[in-house]
Amino acid sequence: MQDLKIVGTAAYVPPLTVSNDDLTTLMDTSDEWITSRTGIRQRHISQGENTSELAVKVGQKLLAQTGYSADQIDLIIVATMSPDAYTPSTAAIVQGKLGAANAVAFDLSAACSGFVFALETAKNILKASAGTTALVIGAEVLSKLVDWHDRSTAVLFGDGAGGVLLTTEERATPLVAGSDLRTMGQLNDKIVAGATTSGTSFPKQVTGLTSFTMAGRDVYKFATNEVPKSIHRAAQKAGIEVEQIDYFLLHQANARIIKQIAKRLAQPLAKFPLNIDEYGNTAAASEPILLNDVVNAGKLKPGMTVAMSGFGGGLSVGTLILNF
Ligand code: UT7
């Protein structure tokens with residue numbers, strides 16, 4: 001059957017690293033608190049590069065690595081909660097800079113579930129259209145939305161981008177064997193960043209954006225309850241048992257959350273790769289950066305089954321069961 005294949009993975013993070021100790025000069029925190037509560041040791045922070053520039057670097061790497069030319073790309077989706085602007089979309093800027101003249105390009109906003117939602121969306125578009133090749137990129141410059149004096153959020157986030165080049169091919173098993181995407185909008189106020197106000201006067205002032213606020217404990221509970229359920233539902237749709245999953249690539253929000261999810265699924269921690277220590281929480285970029293790390297470490301072999309789960313703002317959760 002005609003289905004999809006991930007031809008290449010890539011990631012780009014800005015060169016500046018900011019350690020936990022560096023943050024103690026800005027706020028009342030400590031390396032001990034951050035490491036023990038989250039697993040984060042450092043984060044990469046952009047110096048002047050905006051979200052589209054990170055995403056363009058990932059797109060360029062994907063084209064160079066796979067040998068595809070920009071005009072062979074039919075679709076570009078950038079998952080981001082920190083776009084360069086409301087318009088143009090970050091994906092449109094990426095399309096222009098890559099010279100991908102035949103691609104339709106748009107952003108997808110689903111916070112930390114964004115990459116999983118985007119991969120499922122790209123799959124459905126490619127399978128339903130004449131297009132064959134897509135770039136799906138998660139890219140974030142969260143540092144521009146962080147209040148660098150608010151220790152409850154500032155220690156958590158980092159900047160980065162990652163992505164995949166997808167194409168159609170004849171294969172025996174589908175790339176996406178099962179999926180489960182959910183939004184719990186009644187919990188929309190639990191993670192907020194970049195909020196605007198409409199204003200009551202006319203003519204109105206141009207609005208500013210708010211920095212991150214998060215009900216940390218509520219989101220922690222949401223993640224540890226909802227992600228295992230989502231993985232179970234996606235595995236059921238794929239017709240497999242959770243035990244048959246070789247790796248669980250979970251959004252890197254907090255190492256403690258991931259350990260708790262592993263426990264709830266009764267699966268060994270060795271199946272849950274972690275890179276949060278190096279990058280922090282990079283929202284929609286976290287999953288593709290992790291996927292790229294796992295691929296580069298030679299851990300993924302053909303025939304393996306991987307569960308990819310994102311969770312966060314919306315609130316939202318999404319899982320894909322992928323056949324490699
Ligand atoms: O990507 C989107 C999804 N996001 C998530 O999944 C995040 C989910 N939430 C979490 O990961 C955790 O709730 C946090 C890491 C955000 C916070 O950990 P926590 O164990 O829930 O801590 P807490 O907010 O309950 O705060 C505990 C204490 C408080 O002090 P008191 O009231 O006990 O005296 C905080 O004021 O830790 C204090 N605290 C800090 N201390 C040092 C909060 N932030 C810091 C800090 N440094 N950065």
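**Figure 1. The side chains of Asp180 and Arg182 form a salt bridge, with 3.3 Å from N to O.** A salt bridge is defined here as a side-chain nitrogen of Lys or Arg within 4 Å of a carboxyl oxygen of Asp or Glu. The model is predicted: local features need pLDDT of at least 70 and side-chain atom pairs count only at pLDDT 80 or more, whereas totals for chains, interfaces and linings use all residues. Residues are numbered from 1 along each chain as its sequence is written, and side-chain values use heavy atoms, with hydrogens and water left out. Asp180 is buried, its relative accessible area being 2%, while Arg182 is partly exposed at 36%. Buried means under 20% relative accessible area, exposed means over 50%, and partly exposed lies in between (1.4 Å probe, protein chains only). Arg233 joins Asp180 and Arg182 in a network of salt bridges. Over the whole structure, the search finds 8 salt bridges.

**Figure 2. A salt bridge connects Lys127 with Asp3.** The N to O distance between the two side chains is 2.9 Å. Lys127 belongs to helix H5 (residues 114-128) and Asp3 to strand S1 (residues 2-12), so that the pair links distant parts of the chain, 124 residues apart. Helices (H or I, at least four residues) and strands (E, at least two) are DSSP runs, numbered from the N terminus. Lys127 is partly exposed, with 46% relative accessible area, whereas Asp3 is buried at 3%.

**Figure 3. Glu49 and Lys57 meet through their side chains in a salt bridge.** Here the distance from N to O is 2.5 Å. Glu49 is buried, with a relative accessible area of 15%; Lys57 is partly exposed, with a value of 31%.

**Figure 4. Five strands make up an open sheet of mixed pairing.** Their order is S1-S7-S6-S4-S5. The edge strands, each pairing on one side only, are S1 and strand S5 (104-108). From one strand to the next, the twist averages 20°. Two strands are said to pair if DSSP finds at least two bridges between them. S1 and strand S7 (residues 160-170) run antiparallel and are joined by 10 bridges. Within this pairing, Ala11 has Gly162 of S7 as its bridge partner.

Figure 5. Contact means heavy atoms within 4.5 Å. Axes are lines fitted to C-alpha atoms, for helices over the stretch in contact, and angles run from 0 to 180 degrees between N-to-C directions.

**Figure 6. Strand S4 is largely enclosed by the rest of the structure, because 5 of its 5 residues are buried.** Leu75, Ile77 and Ala79 point one way from the strand, and Ile76 and Val78 point the other way. S4 runs parallel to S5, to which 5 bridges join it, and Leu75 stands opposite Val104 in S5. The chain passes from S4 through helix H4 (residues 90-98) to S5 in a right-handed β-α-β crossover. Right-handed means that, with the strands pointing away from the viewer, the path from the first strand over the helix to the second runs clockwise. S4 also pairs with S6 in the parallel sense, over 5 bridges; the bridge partner of Ile77 in S6 is Val136.

**Figure 7. Thr38 is a residue of helix H2 (residues 31-38).** With 2% relative accessibility, Thr38 is buried. The side chain of Thr38 reaches the backbone oxygen of Ile34 at 2.5 Å. Leaving aside neighbours within four places in sequence, Thr38 is in contact with Leu156, Asn254, Ala255 and Ile276.

**Figure 8. Helix H10 (residues 286-296) is mostly covered.** Of its 11 residues, 8 are buried, including Ile289, Leu290 and Leu291. Gly298, which has a positive phi near 70°, follows H10.

Key: Polar contact = N/O pair within 3.5 Å; in protein donor to acceptor, adjacent residues only side chain to side chain.
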